[in-house]
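Thanks for coming. I will go through a pocket first, then a pair of helices. Please look at the model on the screen.

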Amino acid sequence: MKYLIALAIFLSFGFSKKKMAEIVPFEDFDSGGYQLPFAVIGDTQKTSKFEALIGRERNYKKTKKLISALAEEEVDLIVHLGDAIFSGKYREWHKFNQLMSPIRENETPLLLIMGNHEYSGNKSKSFKIIKKQFPQMVLSKWYAREYSNIALIFLDTNKKKLGEENWSRQKKWYLEKIKLYKDDPNILGLMLFTHHPPFTNSKLTNDEKYVEKAFLTPFFTEKKALAVISGHAHGFEHFIKRDKHFIISAGGGGPRVKYHTGKKMRHIDRSKLSIPRPFNYLLIEPKTKSINVKVRGFYNIEDNIKTLESFDISFN
């Protein structure tokens, strides 16, 4: 029996090494003056067997429909807000690659930020796969890009997973980036991307106070700061606080959450979409004096993809 177990481990290791070699990176994104919108999607992970047993949604077909529609949009960039997969195992990333094949065929750049599920399972193996698929992750799990006249800052909000030293390094880097873009005359607006939302009405998760504490003080005081876009709380929410927009677009197919409403609502939600919220992604288009945000998606698998809400965020 011992020899059989040893042989199984050996074969499994050899198989995974072979599979690792097959992973091909997505297109990276170079900063520049782009004219088309860019897209944002989050939380495309499949429902686990345990979640399904306790009655949570299984939405893989809806996710495939969203990705197919997204591949048909005219965009120069796609941002994934994290939780691309349920666990960091190779087979999960293999399924993700199959799911995203229409995006890869279009050679559309795809940028990822780290969600909590990217840290699950064997972190060492998962990080190897992530770095191989997403070149922007090779040097750091936090980074920035410029899209036309907008600065995009991508953060890793998994504080405990990062550890205090890396968390402090990220905060220092973030403050330096805020100052850099504040003094750059070519940058008219600044957007922050996090997996964990500082604010949400979700019944499943609370406000992430540590995200608010670490990053929002300089964000609120910076005139160029426009919006924080997050995932994690599966659905869609839109808040405005101190003239800054907080958007949760986590409708990529993870089982949708219920929300506190009425007197139990923690934050005033500007979205009028019915609950449960639709499966969705965002199209964001920089303009001369503002950015336009479109919420695209559907409620039921038989529905057509359409614009469900649209709003502008003005430059200050």
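The second largest pocket holds about 260 Å³ of space. A pocket here is an open set of points on a 1 Å grid over the protein atoms alone, where a 1.4 Å probe fits, with protein on both sides within 12 Å along at least five of seven lines. Its volume is the space filled by probe spheres set on the points.

This is a predicted model, where local features need pLDDT of at least 70, side-chain atom pairs count only at pLDDT 80 or more, and totals for chains, interfaces and linings use all residues. Residues are numbered from 1 along each chain, and side-chain values use heavy atoms, without hydrogens and water.

Which residues line this pocket? Among them are Lys46, Arg58, Tyr60, Phe86, Arg91, Glu92 and Lys95; a lining residue has an atom within 4 Å of a point. By class, the lining has 6 charged residues (Asp, Glu, Lys and Arg), 2 nonpolar (Ala, Val, Leu, Ile, Met, Phe, Trp, Tyr, Cys and Pro) and 3 polar (the others, Gly among them). The largest share, 3 residues, comes from α4, a helix being a DSSP run of H or I with at least four residues.

Now to the helix pair. Helix α4 (residues 90-99) packs against helix α6 (residues 123-133) at about 25 degrees, their axes 10 Å apart; axes are lines fitted to C-alpha atoms over the stretch in contact, and angles run from 0 to 180 degrees between N-to-C directions. The two are therefore roughly parallel, the word for angles under 35 degrees. In α4, Tyr90, Trp93, Phe96 and Asn97 meet Ser126, Ile129, Ile130 and Gln133 of α6, where contact means heavy atoms within 4.5 Å. These contact residues divide into 5 nonpolar, 3 polar and no charged.

Notes: Parallel < 35°, antiparallel > 145°, perpendicular 65-115°, else oblique.
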